[in-house]
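Work through the exercises below with the sequence and the structure open. Each task is followed by its solution in steps.

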Amino acid sequence: MGSREHEGESKDTQQGAENPKQDQGCEDRVSELREPPKIRDDVVFGLLRNPLAWRLRAVEQIELSSAIFADRRRSIQAMPLRELLKGIAADGVQSTDTHARLYLPVGNFPKRQLFDFDLTVDGEIAFLLPRAAHGYFQSRFLETLASEWAGDFPPDLMALLDAICQFPVGPWQTIHERSKKVKGKKEAFTSLLCEYLTAKGLASHFGKTELSPPDIASFQCAIEPLRRAVCENSPPDINSASENPLLALPYLDRQWLPDEDRTRILLERLRNLVTEGSRNNTANAKRFVRVYSDYGRNWDALAECKVPLDSPFLIKVSERRALPLREPQGGVIDDARHHEGLRRKIRRKRVHQLVNFADARTNHVSVRMMDASVELIREKWKPMDERYLPIAPVSPPDASEATDEIIAFYDAKPGRKERMWLELPLRPSSGVIATNLVILLLTLTAIVGFVTLVSNAGGIGGGKDLSGNDVAVLLVPSAVAAALLLVRHSTTLAAEVNRKVHYGAAVLLVGLWLLTLILYMTDQVSFGELENSSAPQKVDERLDRHTLMVRVEHH
């Protein structure tokens, strides 16, 4: 799995040139680390437990070219795995083997849709495991972290962890985002939760037509200490099943939920496990609580692939990720509860991107602006922690560079933040700013000149009406310039950054035309004179003088 099909002799020749191992004239000897299950699980958990033991460098490139998505490419340089795998599963790796086929952790991603996702490992296409497999490995990984102080998990608790790890957020998100109730209030959240559990069939399973807040009050009371422990390790998130295990109950096999009392006991068992881990001072206990909290919002992606044992290789991931232009509230983007204040509406546009920054020995991040009409404000960008709070300036990154087009930095210091939000203020380029000012001033000057011309014509000229030619001199150039300003941007990002200028130009343009219409209706402007050019007027004047002279001679 993960190998390319033949696409002709020329491509095979090119691949042979790119991969020297194909020119050696020998077949790869592959260690099969997907079976038996114990070796398979030990390998996955060993790679997840200590990523710095095999990930040398992670390089992430973020390209901004749209107001909707950011194009992201990430490459991880992995070190040779032979010694690490021999320490994890000595029986699975033979000295004569050159490669290993295994389930490889390729990255950590938010629990959101994947757009334009592409993955290659060691130059070959690789494929992610299905969601059920990810739930299996993540729940068993939690069990291994807690095994030294909590022992083996009972089957019902393992099933609940499995449902939490593979919880699909879509149905719940649909219900709470379309609701008009105010988020953050316990009563509103409880009623939404009742609606969700009833729609997913849990009410009928308990022999009721629908669930009401009193029906689930005991459930919420049981998990309250768990929720507090999770919020200490991860940003509060209404979509997190780790924080709100009731969200995962509909996806649990009904044999584990025979009635409401057994359901409450199961939730209490999970609560006791997490709260005990938060009170335990061992490293594995602390990591268990941190990983459990994180799995409510993120997931570790696993891919089935073949990798070399004695040489480094690259993991390359490319995707499109949503580009929020609004500030994450508490580190979470939630459309249903988002309300912008006036100060945030009038300040410059800012884009926000969440990056992993401690999953390799060194992490490199670069952000590039792809639209020539938009610039990054290099003096004002800043990193924020996962809760979107300022990061204490303990020490600067090992190296950084900032220009109007690119911001890049990297760090290798231990103890750095696992994830960071990047706040990136944007502004139009200097040429666009100058053009916008000229057009706005031209339109505003046209309005002032128009009013002045009308006043002078009515006062000094003794009630003289303005002709269409007089109006056209001011109106047409300004209207054309303002119209060009409104339609000339080629990307949605440039249009978003220049939105305030667009609104200003539109208001001035509408005001200019309304003023023209009002003056026309009050007989201050006569557009009928447009039909008479200056040359015909002179001809008519000469004819009138000739007629007058003829009449005088006749008399």
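**Exercise 1.** In this predicted model, find which residues lie nearest the centre of the second largest pocket, and describe its lining.

Solution. 
- Step 1. The lining of the second largest pocket comprises 33 residues, and P110, R112, R321, A322 and I333 lie nearest its centre.
- Step 2. Elements giving two or more residues to this lining are β4, α6 (170-178), β9 (313-322) and β10 (350-356).
- Step 3. The most comes from β9, which gives four residues.
- Step 4. Sorted by class, the lining has 14 nonpolar, eight polar and 11 charged residues.
- Step 5. The volume of the second largest pocket is about 750 Å³.

**Exercise 2.** Describe the largest pocket and state which element gives the most to its lining.

Solution. 
- Step 1. The largest pocket holds about 1,000 Å³ of space.
- Step 2. It has 39 lining residues, with R290, A358, D359, E418 and R419 the closest to its centre.
- Step 3. Two or more lining residues come from each of α2 (37-49), β4 (99-110), α9 (213-233), α11 (283-294) and β8 (298-308).
- Step 4. The element that gives the most is α11, with four residues.
- Step 5. The lining divides into 15 nonpolar, seven polar and 17 charged residues.

**Exercise 3.** D359 forms a salt bridge. Identify its partner, and decide whether the two residues are buried or exposed.

Solution. 
- Step 1. The partner is R74, and the closest N and O atoms are 2.9 Å apart.
- Step 2. D359 sits in the loop between β10 and β11 (362-369), and R74 in strand β3 (residues 69-78); the pair links parts of the chain 285 residues apart.
- Step 3. Both D359 and R74 are buried.
- Step 4. The two residues also belong to a network of salt bridges that links R55, E60, R72, R74 and D359.

Technical notes:
Residues numbered from 1 in each chain as written. Predicted model: local features only at pLDDT ≥ 70, side-chain atom pairs only at ≥ 80, totals over all residues. Heavy atoms only, no water. 1 Å grid on protein atoms, 1.4 Å probe; cavity = no way out; pocket = protein on both sides within 12 Å on 5 of 7 lines; lining within 4 Å. Points joined across faces, edges and corners; volume = space filled by probe spheres on them. Nonpolar A, V, L, I, M, F, W, Y, C, P; charged D, E, K, R; others polar. Salt bridge = Lys/Arg side-chain N within 4 Å of Asp/Glu carboxyl O. Buried < 20%, exposed > 50% of the residue type's maximum accessible area, 1.4 Å probe, protein only.
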